[in-house]
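My entries are below, in the order in which I looked things up.

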Amino acid sequence: MNREETFDLFCQGKEKWNEWAENMLAKRKQLEEAGSWAIDWKSEPKNDDTRNWMNTASVEFSNTENPHTFEGYNDFQDWVFPWTTDFSSAAFGWHVDFSGAAFNGYANFSSARFSGKSYFTSVAFNGYANFNSARFSGNPIFSGADFIGEATFSSASL
């Protein structure tokens, strides 16, 4: 999804978001069971079915060319992200809580700024998690977080 589509769905709330996300994960499972899911070693799609799913299941909240600022307290507790999730260069103006969230693909927080407390308690990072050059104003809390794939924090700072 593009950024506008991402925020349209986001504004409908966690229940609608997670309903969409679970539907996307079910579609992926169908592709896998049908033998239509095909990616290379870099997680690049090898066919149109996989490419279309990835494009629909990926979400963009922020990017380096067009960063987004999240005002106030942001509650992403128990949200499900089915594939690539882009928060790169996002600015979280106050506390943000991702506790219990599930990132099922690439979670990109590179160059994000966390001005308040940031909670990643019991988050499932089921793919690559990128926190390179992220800036945390307070101590981020990652207790119970599960990193299945690679996680990088190069040049991240408190």
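**Entry on helix 3.** I looked up what the buried residues of helix 3 pack against, and I found helix 2 and strand 1 (59–62), where contact means heavy atoms within 4.5 Å. Helices (H or I, at least four residues) and strands (E, at least two) are DSSP runs, numbered from the N terminus. I noted that this is a predicted model, in which local features need pLDDT of at least 70 and side-chain atom pairs count only at pLDDT 80 or more, while totals for chains, interfaces and linings use all residues. Residues are numbered from 1 along each chain as its sequence is written, and side-chain values use heavy atoms, with hydrogens and water left out.

Which residues of helix 3 are buried? I listed Thr-50, Trp-53, Met-54 and Ala-57; buried means under 20% relative accessible area, exposed over 50%, and partly exposed in between (1.4 Å probe, protein chains only). Seen down the axis, the buried residues of helix 3 fall within an arc of 100°, so they line one face of the helix; the arc is that of the directions from the helix axis to the C-beta atoms. At the N-terminal end of helix 3 I found Asn-47 as a cap, with a side-chain oxygen 3.2 Å from the backbone nitrogen of Asp-49.

**Entry on salt bridges.** I counted a salt bridge when a side-chain nitrogen of Lys or Arg lies within 4 Å of a carboxyl oxygen of Asp or Glu, and the structure holds two of them. Asp-48 and Arg-51 meet at 2.8 Å, N to O, and both lie in helix 3 (residues 48–57), three residues apart, about one turn of the helix. Asp-48 is exposed, with a relative accessible area of 52%, whereas Arg-51 is partly exposed at 33%.

The other bridge joins Glu-32 and Arg-28 at 2.9 Å, N to O; both belong to helix 2 (residues 14–33) and sit four residues apart. Glu-32 is partly exposed at 38% relative accessibility, while Arg-28 is buried at 19%. An α-helix has 3.6 residues a turn, so residues three or four places apart point the same way.

**Entry on aromatic pairs.** Rings of Phe, Tyr and Trp (its six-membered ring) pair if their centres lie within 6.5 Å; planes under 30 degrees apart count as stacked, over 60 as edge-to-face and the rest as tilted. By this rule I recorded 54 aromatic pairs. One of them is Phe-103 with Phe-109, edge-to-face at 5.8 Å centre to centre and with 80° between the planes, and both residues are buried. Phe-120 and Phe-131 also pair edge-to-face, at 5.4 Å and 90°. Phe-120 is in the loop between strand 11 (118–119) and strand 12 (124–125), and Phe-131 is in the loop between strand 13 (129–130) and strand 14 (135–136), 11 residues apart.

**Entry on the core.** A nonpolar core is a set of buried Ala, Val, Leu, Ile, Met, Phe, Trp, Tyr and Cys residues joined through side-chain atoms within 4.5 Å. The largest one has 39 residues, and Phe-98 and Trp-17 are among those that touch the most other members. Helix 2 gives the most to this core, with five residues. Leaving aside its neighbours within four places in sequence, Phe-98 has contacts including Phe-76, Phe-87, Phe-103 and Phe-109.

How values were computed:
A polar contact is a pair of N or O atoms within 3.5 Å; within protein, one must be able to donate a hydrogen and the other to accept it, and residues adjacent in sequence count only if both atoms are side-chain atoms.
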